[in-house]
Structure formats: C-alpha cells, structure tokens
Amino acid sequence: MAHDIETERLILRLRDERDAVWYRDLVGERGEETLTLEEATARLVRTRDLALETGIGPLTITRRAEGDAIGYGAL
C-alpha cells in the first residue's frame with residue numbers, strides 16, 4: 001500500500017527519521033521534555049513501523065519545491 005500522497009505543491013508522507021530535528025522542536029514547543037536527537041529519531045522509527053503495520057499513522061506535510069516540513073496530519 002502506498003503511503004505518500006502527492007499534489008502539485010505538497011507531499012504527505014509517513015513521518016520517519018528524516019523528521020527528527022523538526023519533531024524534536026515540535027515536542028519542545030508543546031512544553032514536553034526536550035528530546036535528544038537520538039530519542040526523537042527512535043520515536044519516529046517506532047511510529048513509522050507501527051504505521052506500516054496498521055496502515056494508520058502521522059504524515060509529514062512538506063512543500064514539494066522547498067522540501068521543508070510545514071506541518072503534519074493523519075489519515
């Protein structure tokens with residue numbers, strides 16, 4: 001099953017270790033304990049693996065041209 005959704009301007013893909021820095025900052029903004037880069041990476045890998053098993057999981061929204069993460073969602 002394909003997990004990526006692509007439009008002319010956006011790519012929605014399963015969150016994974018590429019998102020570790022961005023995810024670590026996001027968790028910190030929520031007031032949770034600041035994660036190390038290794039902890040953030042480990043969480044993302046576990047979440048991705050679970051999403052691959054269940055077919056449900058968080059997606060990172062990136063701008064196609066810039067390649068930067070601008071948000072997240074789940075389907």
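# A strand partner, a buried aspartate and an aromatic pair

Student: Which residue stands opposite I11 in β3?

Tutor: Let's start with the naming: strands (E, at least two residues) and helices (H or I, at least four) are DSSP runs, numbered from the N terminus. In β3, the residue standing opposite I11 is T62.

Student: What kind of model is this?

Tutor: Residues are numbered from 1 along each chain as its sequence is written, and side-chain values use heavy atoms, with hydrogens and water left out. Local features need pLDDT of at least 70 and side-chain atom pairs count only at pLDDT 80 or more, while totals for chains, interfaces and linings use all residues, for this is a predicted model.

Student: How many bridges join β2 to β3?

Tutor: Two strands pair if DSSP finds at least two bridges between them. Strand β3 covers residues 58–63 and runs antiparallel to β2; the number of bridges joining them is 5.

Student: How many of the residues of β2 are buried?

Tutor: Buried means under 20% relative accessible area, exposed over 50%, and partly exposed in between (1.4 Å probe, protein chains only). β2 is mostly covered, and its buried residues number 4 of 5.

Student: Is D19 buried or exposed?

Tutor: You can find D19 in the loop between β2 (10–14) and α1 (20–29). Because its relative accessibility is 2%, D19 counts as buried.

Student: Which side chain does the side chain of D19 join through a polar contact?

Tutor: Contact means heavy atoms within 4.5 Å, and beyond its neighbours within four places in sequence, D19 has contacts that include L44 and T60. A polar contact is a pair of N or O atoms within 3.5 Å; within protein, one must be able to donate a hydrogen and the other to accept it, and residues adjacent in sequence count only if both atoms are side-chain atoms. At 2.8 Å, the partner of D19 is R13.

Student: Which residues form the aromatic pair?

Tutor: Rings of Phe, Tyr and Trp (its six-membered ring) pair if their centres lie within 6.5 Å; planes under 30 degrees apart are stacked, over 60 edge-to-face, the rest tilted. The structure holds 1 such pair. It is edge-to-face, 6.3 Å centre to centre with 70° between the planes, and its members are W22 and Y72.
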